[in-house]
Amino acid sequence: MQDVVRFNDQASIMIRLIALSLLACLAIVAQPSAALTDRDASTPASCPPITGLEAISDDKRFVILGEFHGTQEIPSFASALACHLSEDRPLVLSLEIPSERQADIDAYLVSPGDDAAKRELLKGLFWQARLADGRSSEAMLKLLDDTRRLIASGRRISVRASVIDAGPLNQDLSELLMAADWVRAATLPTDVRVLALVGRAHAGRSSRRGFRPAASHLPDDQSLRFEVLETGGAYWACLRSGCGEQPLEAQSSPAAAGFYPATGTDFDGTFNVGREMTASHPAITKQN
């Protein structure tokens, strides 16, 4: 019993220390943005249209997209948004991928994107079919490849694998570590913007599953949190009945892809992918 108490005390101390570090980083983020550094950047093909982009003002350093995993359309929307947001300033694209895969992602982003490069990227345990939960889908692989192409065209984009293992500690600490990673990414250079694509449980202001979500640790005046609108169709997931395509009930009609008003107070707005959802299968089955 004493060991349990001691462990809980240690966990609480660690959470407080990380929270203090996060606040210190936020003070840096709050400083005025520096001018963009000079760089010869060629402009890629026009970005796919997104309505309501004016909602993302220049002072918003963090743009959080709350999704559900396993669709083709949501990563495609994130790709289009990354294209727009990187037109005139650096961008960090944060994905719900274990941080242990960071080196693999970095190597792929500077590769030619051929089959050999894809095989090297997908060799990690995260991508294995038996662990597929929608985050390791064909659409997520395409999002990485879209980003690779933008970088090759001269865009200043980096990708962060922002799921940090908290070991035996609780989910609250995992969320705080994810938020700390976003804040750390937003500090250098000081004009960088962070676009995070994560599950809805991590993206709002209030708890949905008994823990405080990562996005709730961000400063409101510098952050925008959006929740995806469910437009029906299907998604890929592993449920008790097994892994495969799952039906998705429509809660909203497809509209022009873009941003729309919030339906509550947990998020600053919603986003519509512009069509019914289609399931995105695990990437590993297509490559191997």
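In this predicted model, buried residues make up 53% of the 288 residues in the protein chain. The chain is built from eight helices and nine strands. If we look at contacts with a separation of 6 or more, 74% of them link residues 24 or more positions apart.

Now for the inside of the protein. In soluble globular proteins, nonpolar side chains tend to be buried together. Here, the largest nonpolar core has 48 residues, and the ones with the most contacts inside it are Leu 65, Leu 81, Leu 95, Leu 195, Phe 259 and Phe 271. Helix 2 supplies the largest share of this core, with eight residues.

Helix 2 (residues 73-85) packs against helix 5 (residues 138-152) at an angle of about 15 degrees, and their axes are 9 Å apart. Angles under 35 degrees count as roughly parallel, so helix 2 is roughly parallel to helix 5. Their crossing is right-handed. On the helix 2 side, the residues that meet helix 5 are Pro 75, Ala 78, Ser 79, Ala 82 and Cys 83. On the helix 5 side, they are Ala 139, Met 140, Leu 143, Asp 146 and Leu 150. Sorted by class, this contact has eight nonpolar residues, one polar and one charged.

Technical notes:
Residues are numbered from 1 along each chain as its sequence is written. This is a predicted model: local features need pLDDT of at least 70, side-chain atom pairs count only at pLDDT 80 or more; totals for chains, interfaces and linings use all residues. Side-chain values use heavy atoms; hydrogens and water are left out. Axes are lines fitted to C-alpha atoms, for helices over the stretch in contact, and angles run from 0 to 180 degrees between N-to-C directions. Helices (H or I, at least four residues) and strands (E, at least two) are DSSP runs, numbered from the N terminus. Angles under 35 degrees count as roughly parallel, over 145 as roughly antiparallel, 65 to 115 as roughly perpendicular and the rest as oblique. A crossing is left-handed if the near helix is turned anticlockwise from the far one by less than a right angle, and right-handed if clockwise. Contact means heavy atoms within 4.5 Å. Ala, Val, Leu, Ile, Met, Phe, Trp, Tyr, Cys and Pro count as nonpolar, Asp, Glu, Lys and Arg as charged, and the others, Gly among them, as polar. A nonpolar core is a set of buried Ala, Val, Leu, Ile, Met, Phe, Trp, Tyr and Cys residues joined through side-chain atoms within 4.5 Å. Buried means under 20% relative accessible area, exposed over 50%, partly exposed in between (1.4 Å probe, protein chains only).
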